[in-house]
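Morning, everyone. Let me put the model up, and then we walk through it one site at a time.

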Amino acid sequence: MPNVPQWQAPSGLANIWLPYTQMQTAPTPLTVVGSAGCRLKLADGRELIDGISSWWTACHGYSHPHIRAAVEQQLAALPHVMFAGLVHEPALRLAQRLAALLPGDLERVFFTESGSVAVEVALKMAIQYWRNRGQAAKKRIVYFRHAYHGDTFATMALCDPEEGMHALFAGSMPDQLMAELPSNESLRRAFDLLLATHRERLAAVIIEPLVQGAGGMKMHDAATLAFIAESCRRHGVLLIADEIMTGFGRSGRMFAWEEAAGLTDIVPDIVCLSKALTGGTLPLAATVARRHVFEGFLSDDPAAALMHGPTYMANALACAAANASLDIFECEPRLQQVAAIEAQLRTELESCRALPGVADVRVKGAIGVVELAGAIDLQALRGRFSELGVWLRPFANVVYLMPPFVIAPGELGILTAAVRTVLAERTLKAP
Ligand SMILES: *Cc1c(COP(=O)(O)O)cnc(C)c1O
């Protein structure tokens with residue numbers, strides 16, 4: 001790396017274990033000392049434009065003054081209190097606002113601290129819902145190829161069997177049913193047959209609406225969602241929409257499911273939210289259930305209650321941050337910004353299609369994806385991007401952009417140019 005002063009690693013690095021990282025060969029991680037707008041300030045003085053919003057969370061960019069003020073005010077009043085037998089205003093207000101934003105009677109909010117746990121809670125809701133109705137055999141889950149729903153054991157079992165960790169943990173995970181996304185007529189018949197055949201043992205189908213994220217950044221249309229919803233209703237299977245990545249504007253609407261609303265009146269029974277919920281400031285997740293799911297737990301029997309309760313659930317600081325993030329959606333033009341980002345990504349990424357080794361270019365909302373035909377040298381690509389002053393983290397065979405919605409056209413242009421440059425260089429080096 002020419003011209004880059006070598007940053008002296010703080011000694012604490014010897015005590016850190018990084019995620020998804022082969023620690024023997026990984027380069028020294030970059031130390032971040034500050035962030036503002038779309039930029040990360042590094043300890044060595046450099047700045048990187050963040051093209052992936054810190055794992056898809058920082059939708060308003062970094063250090064938005066309104067979120068900061070809300071968290072500071074909450075810190076002075078009540079940073080945290082256990083959420084059993086006790087409640088607090090930020091959580092009540094947030095639950096009410098999420099219920100108002102989500103379609104139909106999605107109105108009961110269970111707060112947790114991470115996306116994986118929000119999905120775990122959705123699975124518990126679905127399985128216990130049927131159990132409470134005397135249908136304890138309905139406990140299997142249908143998921144889709146290229147899905148990603150989290151890293152815990154129950155959620156790993158719902159991730160793409162090839163992209164995910166199935167091989168590594170085979171035998172330790174529940175056995176679930178994988179389906180192909182029903183995106184054409186014959187796949188629709190096959191999907192409907194799958195539900196018809198297994199309906200007596202199926203609790204739920206889980207889907208990331210419109211864009212499947214960490215399992216390969218694949219996209220599908222709203223008609224596919226509407227078909228899945230109708231098939232679930234026909235066969236008496238609950239539908240879980242995992243909007244952890246797509247929620248809060250990323251797909252172009254506040255929630256991706258809204259795009260299916262013109263095609264079907266069916267609303268998912270359970271929705272999972274996290275990632276951008278607090279605008280990328282504090283960990284928080286929510287599992288939101290429709291009225292009939294909630295009512296399935298009302299009984300004289302204490303054991304029919306939902307059996308879950310994380311220590312830090314509904315953390316008041318995180319709820320205050322989420323309320324502040326929703327305020328910003330109300331008074332700043334986020335969805336218009338997403339539409340502008342979508343148009344710019346379409347124009348500027350299109351030229352990547354002509355590069356050898358590029359299999360596909362696709363864009364949805366503030367998500368731009370260049371899929372490559374073969375495996376990529378991730379370490380080399382990631383290092384090259386930071387040399388160019390951008391923070392991008394390609395995985396598997398995709399290079400993708402998910403910038404903060406407040407990104408300026410000039411900054412977004414730097415990101416798309418970096419993608420073109422690095423992919424063109426890679427082509428030059430290819431044998
Ligand atoms: C990130 C993600 C999760 C897991 O969330 P964590 O907070 O990392 O546990 C689950 N589902 C989807 C669609 C995600 O993008």
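First, a term. Helices (H or I, at least four residues) and strands (E, at least two) are DSSP runs, numbered from the N terminus. With that, Thr57 sits in the loop between α1 (53-56) and α2 (65-77).

Some housekeeping. This is a predicted model, so local features need pLDDT of at least 70 and side-chain atom pairs count only at pLDDT 80 or more, while totals for chains, interfaces and linings use all residues. Residues are numbered from 1 along each chain as its sequence is written, and side-chain values use heavy atoms, with hydrogens and water left out.

Back to Thr57. Is it buried or exposed? Buried means under 20% relative accessible area, exposed over 50%, partly exposed in between (1.4 Å probe, protein chains only). Thr57 has 15%, so it is buried. What does Thr57 contact, beyond its neighbours within four places in sequence? Contact means heavy atoms within 4.5 Å. The partners are Lys275, Ala276, Gly279 and Gly280.

The side chain of Thr57 also reaches the backbone oxygen of Ser54, at 2.9 Å. That is a polar contact: a pair of N or O atoms within 3.5 Å; within protein, one must be able to donate a hydrogen and the other to accept it, and residues adjacent in sequence count only if both atoms are side-chain atoms.

Ser54 itself is in helix α1. It is not a glycine, yet its phi is positive, about 50 degrees. Ser54 counts as partly exposed because its relative accessibility is 33%.

Phe248 also has a positive phi, near 65 degrees, and is a residue other than glycine. Find Phe248 in the loop between β10 (238-242) and β11 (270-273). Its relative accessible area is 1%, so Phe248 is buried.

Now the ligand. Which residues are around it? Near means that a heavy atom of the residue lies within 4 Å of the molecule or strand. The list is Trp56, Ser114, Gly115, Ser116, Tyr148, His149, Gly150, Glu208, Asp242, Ile244, Met245 and Lys275. Sorted by type, the shell has four nonpolar, five polar and three charged residues. Here Ala, Val, Leu, Ile, Met, Phe, Trp, Tyr, Cys and Pro count as nonpolar, Asp, Glu, Lys and Arg as charged, and the others, Gly among them, as polar.

Ser116 has a side-chain N or O atom 2.6 Å from a ligand oxygen. Asp242 has a side-chain N or O atom 2.7 Å from a ligand nitrogen. Lys275 puts a polar side-chain atom 2.7 Å from a ligand oxygen. Taken alone, the ligand exposes 380 Å², and the protein buries 83% of that. Those areas come from the Shrake-Rupley method with a 1.4 Å probe; for residues, only the protein chains shown count as cover.

Next stop, Gln176. This residue lies in the loop between α5 (153-156) and β6 (177-179). Gln176 counts as buried because its relative accessibility is 14%. A polar atom of its side chain lies 3.0 Å from the backbone nitrogen of Ile141. Leaving out residues up to four places away in sequence, Gln176 touches Arg140, Ile141, Tyr143, Ala157 and Leu158.

Last one, Phe385, in helix α11 (residues 378-387). Phe385 has 0% relative accessibility, so it counts as buried. Phe385 and Val419 are 34 residues apart in sequence, but 7.9 Å apart in space, C-alpha to C-alpha. Beyond four places in sequence, Phe385 touches Val390, Leu392, Pro394, Val399, Ala418, Val419 and Val422.
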